[in-house]
Amino acid sequence: MTDVTQSLEIEAPKPLTEDWLAAGIGLFIVLLAFLGLSGTNFLGWAVSTSVWTDPSHALAPAAKTFSSLGGIPALLLTYVSLLIVLSIGVLITGANVARFATTFTVLFFLAYASWFIGNYAHFAAVTPADLKKFDIDWSLKLTAEGGFIIALVLGIVIANFLPRFAEWLKPAARSELYIKIAIVILGAAVGVAVAGKLNFASSLLLRGIAAVIEAYLIYWSVVYFIARKWFGFSREWAAPLASGISICGVSAAIATGGAIRARSRIPVIVSSIVVIFAVIEVLILPFLAEHFLWREPMVAAAWLGLAVKSDGAAVSAGGITEALINGKAALEGIHYAPGWILSTTATIKVFIDIFIGVWAFILAYIWTNHLNVRPGQPRARAAEIWERFPKFVVGFVLAFLAALITSLTASPETVKALTPSIGEANVFRVIFFILTFFSIGLLSDFRKLWEDGFGKLVAVYIVSLFGFVVWVGLFISWIFFGGVHPPLAS
Amino acid sequence: MASDLHDELNRPAVEPLLPIEKKLIGISLGLGVFLLVVLAVINHFVPVS
């Protein structure tokens, strides 16, 4: 085993523990947002960054009631609160808290600095009205979410040019944990948005079933065939590889590796390839979506959920795409309600995640009963479905239902107060996005692609992803989401 | 150990596709295409509201 794979094995996430942790932290933030309905604001002190030309006016607390606090204290308060909450989580998972706290401090400020730079008006301003407002005559029109790209690129630069520093930062670079917390918080925002457009949203959810069928039944079988027949991979390599490319990257590769009783290093090596290609996709696909699909925003949203592997990368790509497409549409006088593109990408990803356990059980059954029968080896158990179920989805569903039910049943005054409360929770969702982008970049050591033996893995990934998965995903997204547009902003 | 990985990944195929694997691929693909066609038909007659 190489040093790289050894270190990956040590750093490999503990999916179940990490999932519950993400659900707990995400629900805690959503709970604080709901408690805000009682009249006491528990989240308004969190830092929010506006598009700026004068840096001293960029940072401010999320709620006006906390404006006397000031931007820098709000930033420090946000950092301290996240440090405390995440350190408690890290302590529960058994990791080294002191090491996490030290590295998280550096990671947080580097990541937030990227976000701050991304909000510079010459980068972020989009519409002519924005240019006039900031008194500037040009902008890259990256939107404020361009800060995500800056965080990603900064992470990649550190990973590839400052490898020792990147290695030192790794205890805090927990991209899957951060994105899962963000998805749980997103659940509440989706619940509020859906309440006003129930028919539309349920139509979209039904179409999410198509994504599940596509990922598990079509992608997996074709990629498995390509890996086995064209590239001569053994079953032990081909199954985790097919799951990694087809379903949901890292977690699917690890679940499949466990299900077929593969050696532990195999899903880890596959996961490292998945992460690198997911980053390449995040850097390319949102801009292609903006250019070619801006008139079909929901096709773009579904496509990214299907094409970009790993939760973090897919949802991140959805966030960038929403900003880019909404910005471009705004130039044409079309103002889409925020959140629908991102929510569609995230929901499709969550839909796909839900069935990982079922798929792993099916594979485990076939492998332990037909392909890899060994005396004394435990057979597949139905309990594995629940064991491999992505538990953060429980948090997403609870947050979604709480927001939806409140929106549909509470008094008009409460419903009116709910939107800004969830909006303040959303400030944390954005911060976890920033941490995710930076962490993904930090874990993307492109030198691995040239390591001895990786060539064949990379080849099967390129052939499958760019020769099949991306195009079939686009085709099917077009069939099911073509002509569907997000609601307009009111 | 890197050479182990290299040797393992570049070893000629010694595991031909077994009937059960062909069955898994065939059933998955067939069922997937069938269900997508059914959903596409439903999508056509019950458009997004």
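How many residues does the contact take from chain B, and how many from chain A? The contact takes 27 residues from chain B and 35 residues from chain A. Two residues are in contact if their C-beta atoms, placed from the backbone, lie within 7 Å.

This is a predicted model, in which local features need pLDDT of at least 70, side-chain atom pairs count only at pLDDT 80 or more, and totals for chains, interfaces and linings use all residues. Residues are numbered from 1 along each chain as its sequence is written, while chains are lettered from A and ligands numbered from 1 in the order in which they are written.

**The side of chain B that touches chain A**

Chain B has two helices and zero strands. Helices (H or I, at least four residues) and strands (E, at least two) are DSSP runs, numbered from the N terminus. On the side of chain B that touches chain A, α1 (2-10) and α2 (19-45) of chain B each supply at least two residues. α2(B) gives the most, with 13 residues. By class, this side has 19 nonpolar, seven polar and one charged residues. Ala, Val, Leu, Ile, Met, Phe, Trp, Tyr, Cys and Pro count as nonpolar, Asp, Glu, Lys and Arg as charged, and the others, Gly among them, as polar.

Of the 49 residues of chain B, 14% count as buried. A residue is buried if 20 or more other C-beta atoms lie within 10 Å of its own, exposed if 12 or fewer, and partly exposed in between, with C-beta atoms placed from the backbone.

**Confidence**

The model scores ipTM 0.91 and pTM 0.83. Chain B averages a pLDDT of 83, and 82% of its residues score at least 70. pLDDT is the predictor's confidence in each residue, from 0 to 100.

**Chain A as a whole**

Chain A comes to 20 helices and two strands. Its C-alpha atoms fill a box of roughly 70 × 50 × 45 Å, taken along the principal axes. Buried residues make up 56% of the 490 residues in chain A. Among contacts in chain A with a separation of 6 or more, 77% join residues 24 or more positions apart.

**The core**

The largest nonpolar core has 184 residues. Such a core is a set of buried Ala, Val, Leu, Ile, Met, Phe, Trp, Tyr and Cys residues joined through C-beta atoms within 7 Å. Its residues with the most contacts inside it include I183(A), L304(A) and I434(A). Helix α10 (residues 198-230) of chain A gives the largest share, 18 residues. I434(A) touches residues including W115(A), F148(A) and A151(A), not counting residues up to four places away in sequence.

Helix α16 (residues 356-371) of chain A has buried residues, among them W359(A), F361(A) and W367(A). What covers the buried residues of α16(A) includes α10, α11 (235-259), α15 (340-354) and α17 (383-387) of chain A.

Most residues other than glycine have a negative phi.

D135(A) lies in the loop between α6 (128-133) and α7 (146-161) of chain A. K141(A) also lies in the loop between α6 and α7.
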